[in-house]
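Have the structure open as you read.

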Amino acid sequence: MSHSKKLHTLDYRPEIDGLRSFAIIPVVLFHAGVSLFSGGFLGVDVFFVISGYLITSILVQNARKGQLSILKFYEKRARRILPALFLMIFTTSIIYPLFNSHPSDLSDYGLSILSVLAFVSNIYFWTEAGYFGTASEMTPLLHTWSLAVEEQFYIFLPLIILYFYSQYRRFLGGGGGLIIFASLMIAEWGAQNSAEANFYLLPSRIWELFIGSMCALYYYRVKESSFYSQFSKTISIIALFGLTTCFFIFDSETRHPSILTAIPVLFVATILLFSAEKSLAKTILSHKLLIWIGLLSYSIYLWHQPILVIFKTLYGQHLSVFYILVALSITLLLSWLSWKYVEAPYRNSVVVNNKKLVKHGVFCSLICFGIALFFINNKAFQKLLDPESIKRFNVIEEAINHEMNRPVSRDCHLWSPSFDDSFISEYDKCSEKYGRAVFILGGSHGMDMYNVISSSFDTKFVVSVSRGFCRIHAPLSGKRPHRCQYDDFLAFVDDRADTIETLIYTQTGDRLLKNGLQNASSPEISDGAIHQVVKYMATVQKKYGLNVTIVGSLPTLNFGPKRLDYKIPLHSQLSEMYSERLVNLSTLIDSRIEKVAAAEDVRFIRKTHLFKLKLPDDLIVDGKLTYSDSRHISKHGAIVFGKRILKEELL
């Protein structure tokens, strides 16, 4: 490892506190919905670099002195992180239920508390929701994901420093460089193939923390170089300007984290390395106001999200300037109080000794655990107070919890998102056992159709290769998030045409609109997309002699069951779900497909006819909801509508 032989003490650098304010301000404004700061989320990346720098500086300094203690390190981390975190959770747990008593939201909140206590909230939120979306904006503890990433980083960093610094010091810098490269490559791959996991998980984030670590290892060597004395002032102000610009030009569509993220990250590293005394960058970052905000940055980060969630619950997703200012003022006040009366005292081992720290930590952890269990089981408590409302809630929950993206496979009722080896092997075994299959293609509506036939028909061999967002025609906007199955089906059917009795294709009709549903009063139906669908099915029919059927679309609703109010009778809300305009639009799209299909001699059946669908009455049948969202059927719907289908009409 290249390093200065001189023993340096860890001097206070006020510009780092100022840099913290450059991180926290954009994050808060981004979460508040200030569109100007479209790249405000990069503030988290700034924090990662700063954290890597500071923690590594402390560890290396202690290692040089022979005073590196793992227990002491974790004690300081606990003093820094836990007291204010516990206070935020306690306060949020008291206030949040006053504004949102929805059982699912409260249960999710309880689960998020458990994930925070275990420092795995990044994993929890990865499995539950994205980051750039409405659902995420209304999650009080979403912001703790980055805290979890840092804590996971802290688990092994001191062990690396302790081992390598004493045994293989010369490899420390090179090893860190390899980790940075490997992690950045993971992030670049993940940004294109698994965006949400890429955003939340440590492997694609660790490079940012390690760049901070590299800055700590080489800071004094850089500072003592002739290059530093000649160019540091110019380089540092350019980097500060570049970082500020990134907050305005990055947005939710930018691949992140990825190689593009290296731009702001390297700007931060440059500021850490080159903000020389009397440089303009250091003068700006050392301003008293920025230092003060930087000192409060951890508390601001903790408090801003739950406060904004409460304001958005009360006043809508898009807060006015007035409510943003009020929310931010409350955030700043609570942050100052939290810093002064909780953070600062607990960081002082004279004021709070280790015995008290452990005692308070265990006590607060148990209280948080109890709070989490209470929220997770809140439905049972609400049922005691209002059983009829909870009964309606269960009806809604049953509908929306039916995962159409996870159709159940049983015996020779097979579903797969692709033609992988496992599926083909199972298919061939079932073909030998039962002969010819009913085969369904499509996207998420193909899954719906599979569930209908699988649950209601006595057919032994039912198969579907279907996957969300996968329609035969090219997307009219954006791109598919993954590879679709239609080219692979042609290769599959080349060898197995005689094993398919009927081929069925269905999709949602609104995806055939050039301008989407919002502008559907004068819709532009894509004739090109319709012709792509029909031409594909006609080609398969003629080439392989299959019985081919295109099934029309399911009428879209104004909104799905999730937006129903469980506190009032559900039947009274059906007329609000139903949209005559959207039903007529579905009919119009079906007519266009039917006309093209007739010209190609491909059979077409309207789904509304097949299901004998009468809206809005059929939204609730036998006391249960038949739709799972605004455009898909529930498990109950699959059974109800499946029983209405005349088997000989479809097959």
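Contact here means heavy atoms within 4.5 Å. This is a predicted model, in which local features need pLDDT of at least 70 and side-chain atom pairs count only at pLDDT 80 or more, while totals for chains, interfaces and linings use all residues. Residues are numbered from 1 along each chain as its sequence is written, and side-chain values use heavy atoms, with hydrogens and water left out.

Let's start with L19. Not counting residues up to four places away in sequence, L19 touches V46, I50, L243, V268, I271, L272 and L285. Buried means under 20% relative accessible area, exposed over 50%, and partly exposed in between, using a 1.4 Å probe and protein chains only. In soluble globular proteins, nonpolar side chains tend to be buried together.

**Two glutamates**

Which side chain does E343 make a polar contact with? The partner is the side chain of R80, at 2.9 Å; a polar contact is a pair of N or O atoms within 3.5 Å, where within protein one must be able to donate a hydrogen and the other to accept it, and residues adjacent in sequence count only if both atoms are side-chain atoms. E343 sits in helix α16 (residues 321-347); helices (H or I, at least four residues) and strands (E, at least two) are DSSP runs, numbered from the N terminus. E343 counts as buried because its relative accessible area is 1%. Leaving out residues up to four places away in sequence, E343 touches R80, A84, Y298, S299 and S338.

E151, in helix α7 (residues 144-167), is buried yet has no salt bridge, meaning a side-chain nitrogen of Lys or Arg within 4 Å of a carboxyl oxygen of Asp or Glu. The nearest side chain of opposite charge, R77, is 5.6 Å away; Lys and Arg count as positive and Asp and Glu as negative, with His and the chain ends not counted. Setting aside neighbours within four places in sequence, E151 contacts I81 and F119.

**The cysteines**

A search of the whole structure finds two disulfides, a disulfide being a pair of cysteine sulfur atoms within 2.5 Å.

| Disulfide | S to S distance | S-S torsion |
|---|---|---|
| C412 to C430 | 2.0 Å | about -85° |
| C470 to C484 | 2.0 Å | -90° |

The C412 and C430 link is left-handed. C412 lies in the loop between α19 (387-400) and β1 (413-416) and C430 in helix α20 (residues 421-434), so this pair ties together parts 18 residues apart in sequence. The link of C470 and C484 is left-handed as well. C470 and C484 are each in the loop between β3 and α22, 14 residues apart.

G468 also lies in the loop between β3 (462-466) and α22 (486-496), and at 14% relative accessibility it counts as buried.
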